[in-house]
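Here are some friendly notes to read alongside the model. They go through a few helix pairs and then the nonpolar cores.

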Amino acid sequence: MDGAAQAHRTADAVARRSYGKLVAFLAAAMHDVAAAEDALSEAFAAALADWPLNGCPANPEAWLLTVARRKGIDGIRRRRSGEAASAQLQVLTELDEAVSATTDDAAFPDRRLALLFACAHPAIDAGIRAPLMLQAVLGLDAKTIAAAFLASPDAMGKRLGRAKQKIRQAGIRFAIPERDELAGRLDGVLDAIYAAFAEGWSDPGGTDLIRRDLTAEALFLASLVAGLLPQEPEALGLLACMLYAEARRRARRSADGDYVPLDEQDVTLWDAAMIDEAEALLLRASTLGRIGRYQLEAALQSAHVERRRSGRTDRTPEVQLYDMLLAISGSPVVALNRALAIAEAQGPHAALEIVDALAEGGRLVDYQPYWAARAALLARIGSHREARDAYDIAIGLAGDPAVRRFLQKRQAELPR
């Protein structure tokens, strides 16, 4: 492998492994998320110019932090003057000394949780907290984040920029808040972690560089939060929910790489130990006396597991859980999944009424699972032409080739 290829491979590995850790480390010193991201971006550019010529360093994270710190100093000198700049430059000098003394990547303090809670500060609009965390801590771009939150990339980019400016102007601390401050911030942190997990979950084969390793990163962060706050039932519920889903990963694709829906998965491929861990977490959360979204999400996952293992056909428990979850979240995605459970409990006509009503808001117009669900329901009532049209839209929106092939197969099975 030539020097340039090795440099790109190393930089890519570091970005996937340590992006959030590096940004959090820099942002804590600079008190400015946008400046930290800019400095790290320039450091990566410098690495791709230097490493092919001089070889990849033994500790690439330390190399990148040292260069990013210098870029940060240059940026501060360009933007600021006087005492504020001197104080920030002193902090960055101390950071450089800490980096220089470090020889082990693991020695860098992991400040991602502090950055997550900083992004969830009450001064920042609640609707942008989770997207901001996804970009700052996990490195997702505005387009990917916009898709996850059913928004336009341009609008999302502008909102993210304003949120970072707010952090700088308000002088928000990069630290785990005191316990009496947690209630106002925890929901945003959990939302961001769950959204990151969902993005990684949408690429089970690990073929998308943007989404690769996101599920592992999200599980790690969820474990950190649950460990930090063992008496917070929603933190436990989120981790349980993610473990239930991750336990089914091996069963989501056939040996040929084809998509396998939940009701057709081989349950012997599920990770039983991971499911047991999720069950224990959910049980512990249930003893803490406060029900919430993520406990209900986990309870739904548990119900799916029990139904498949037992052969139960009655979907009433799932519908009841979806009713509670919809009342809490008001999410159109939850409403769509509830409609699919109702289709099994009450028939496709009842479900189609709900699905048709969901279309009126326009939020699901580019949501592939909506069109796939609509197509399947139309096929069940014999509206084959409309089903075929809905499948066309779902196929066009499907980013996963395996899901696209699955939808094409279902469409081809419709009577002409």
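1. Start with helix α6 (residues 126–138) and helix α9 (residues 179–201), whose axes lie 8 Å apart and which pack at about 60 degrees. Axes are lines fitted to C-alpha atoms, for helices over the stretch in contact, and angles run from 0 to 180 degrees between N-to-C directions. Helices are DSSP runs (H or I, at least four residues), numbered from the N terminus. The pair is therefore oblique; angles under 35 degrees count as roughly parallel, over 145 as roughly antiparallel, 65 to 115 as roughly perpendicular and the rest as oblique.

2. A word on the source: this is a predicted model, in which local features need pLDDT of at least 70 and side-chain atom pairs count only at pLDDT 80 or more, while totals for chains, interfaces and linings use all residues. Residues are numbered from 1 along each chain as its sequence is written, and side-chain values use heavy atoms, leaving out hydrogens and water.

3. Which residues of α6 and α9 meet? From α6 come Arg 129, Ala 130, Met 133, Leu 134 and Leu 138, and they meet Gly 184, Gly 188, Val 189, Asp 191, Ala 192, Ala 195 and Ala 196 of α9. Contact here means heavy atoms within 4.5 Å. The contact of α6 with α9 divides into eight nonpolar, two polar and two charged residues (Ala, Val, Leu, Ile, Met, Phe, Trp, Tyr, Cys and Pro count as nonpolar, Asp, Glu, Lys and Arg as charged, and the others, Gly among them, as polar).

4. Next, look at helix α14 (residues 316–329) and helix α15 (residues 332–346): their axes come within 9 Å and cross at roughly 160 degrees. That makes α14 roughly antiparallel to α15. Their contact includes Tyr 322 and Leu 326 of α14, and Arg 338 and Ile 342 of α15. It divides into nine nonpolar, two polar and three charged residues.

5. For helix α11 (residues 233–246) and helix α13 (residues 293–310), the axes come within 7 Å and cross at roughly 30 degrees. That makes α11 roughly parallel to α13.

6. Finally, the largest nonpolar core has 103 residues, and Leu 115, Ile 193, Val 225 and Met 242 have the most contacts inside it. Such a core is a set of buried (under 20% relative accessible area, 1.4 Å probe, protein chains only) Ala, Val, Leu, Ile, Met, Phe, Trp, Tyr and Cys residues joined through side-chain atoms within 4.5 Å. Helix α1 (residues 3–30) gives the most to this core, with twelve residues. A second, separate core of 26 residues includes Leu 336 and Leu 407.

Conventions:
Helix = DSSP H or I, 4+ residues; strand = E, 2+ residues; numbered from the N terminus. Buried < 20%, exposed > 50% of the residue type's maximum accessible area, 1.4 Å probe, protein only.
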